[in-house]
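Load the model in a viewer and keep the sequence panel open. The stops below say what to select and what is there.

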Amino acid sequence: NYHRIATVEDNPQDEFLTIEAPIELSAIQGLILDGQPHLHVVFSDLNNVYTGHLEEGCEVQYLAEISILEIDDLDLTRKLDEFGVSYIDYK
C-alpha cells in the first residue's frame, strides 16, 4: 500500500495504490515526527519500478532490514501550509 502525488495543483491530490504481487524493496527513507512516520519508498516487481509514500497495511513476507536513528535535541514537527501540505518546522 502506497500513495503518490497525482496532480501538480496548489492543493495536490494523492493516488492510493496497492500492489498485490511479489516486490523487492530497494530503498526507504523519511522521518518520524510527532510519532507519525512519513516514509518514501522505491520498490519493484518483475516489470515495473514504483515510488511513493508508504502506507499502513504493508507486510513483509521474508526479510526487510530497516534502521531507525534517533537524533536527540532536534525538535522538529510537521505543520500544514495554506494548501494543507505538510512541511517540517522547528518546535
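Strands here are DSSP runs of E, at least two residues long, numbered from the N terminus. The model is predicted.

**Stop 1: the largest pocket.** Select Leu25, Ile28, Val41, Leu54 and Ile66: of the 39 residues lining the largest pocket, these are the closest to its centre. The volume of this pocket is about 1,400 Å³. Which strand supplies the largest share of the lining of the largest pocket? Colour β3, residues 24-33; this strand contributes eight residues, the largest share. β4, residues 36-44, also supplies at least two. Colouring the lining by class gives 25 nonpolar, seven polar and seven charged residues.

**Stop 2: the second largest pocket.** This pocket has a volume of about 670 Å³. Select His3, His38, His53, Glu55 and Ser86, the closest to its centre among the 20 lining residues. Then show β1 (2-5), β4, β5 (49-54) and β6, each of which supplies at least two residues of this lining. β4 gives the most, with four residues. By class, the lining of the second largest pocket holds eight nonpolar, seven polar and five charged residues.

Stop 3: Select residues 76-80 for β6 and 86-90 for β7; the two strands run antiparallel and are joined by five bridges. Where in β7 is the bridge partner of lysine 79? Pick tyrosine 87, which is that partner. Finish between the strands, where the hairpin has five residues. Glycine 84 in this hairpin takes a positive phi near 85 degrees.

Definitions and conventions:
Residues are numbered from 1 along each chain as its sequence is written. This is a predicted model: local features need pLDDT of at least 70, side-chain atom pairs count only at pLDDT 80 or more; totals for chains, interfaces and linings use all residues. Side-chain values use heavy atoms; hydrogens and water are left out. Two strands pair if DSSP finds at least two bridges between them. On a 1 Å grid over the protein atoms alone, a cavity is a set of points where a 1.4 Å probe fits but cannot get out, and a pocket is an open set with protein on both sides within 12 Å along at least five of seven lines; lining residues have an atom within 4 Å of a point. Grid points are joined across faces, edges and corners, and a volume is the space filled by probe spheres set on the points. Ala, Val, Leu, Ile, Met, Phe, Trp, Tyr, Cys and Pro count as nonpolar, Asp, Glu, Lys and Arg as charged, and the others, Gly among them, as polar.
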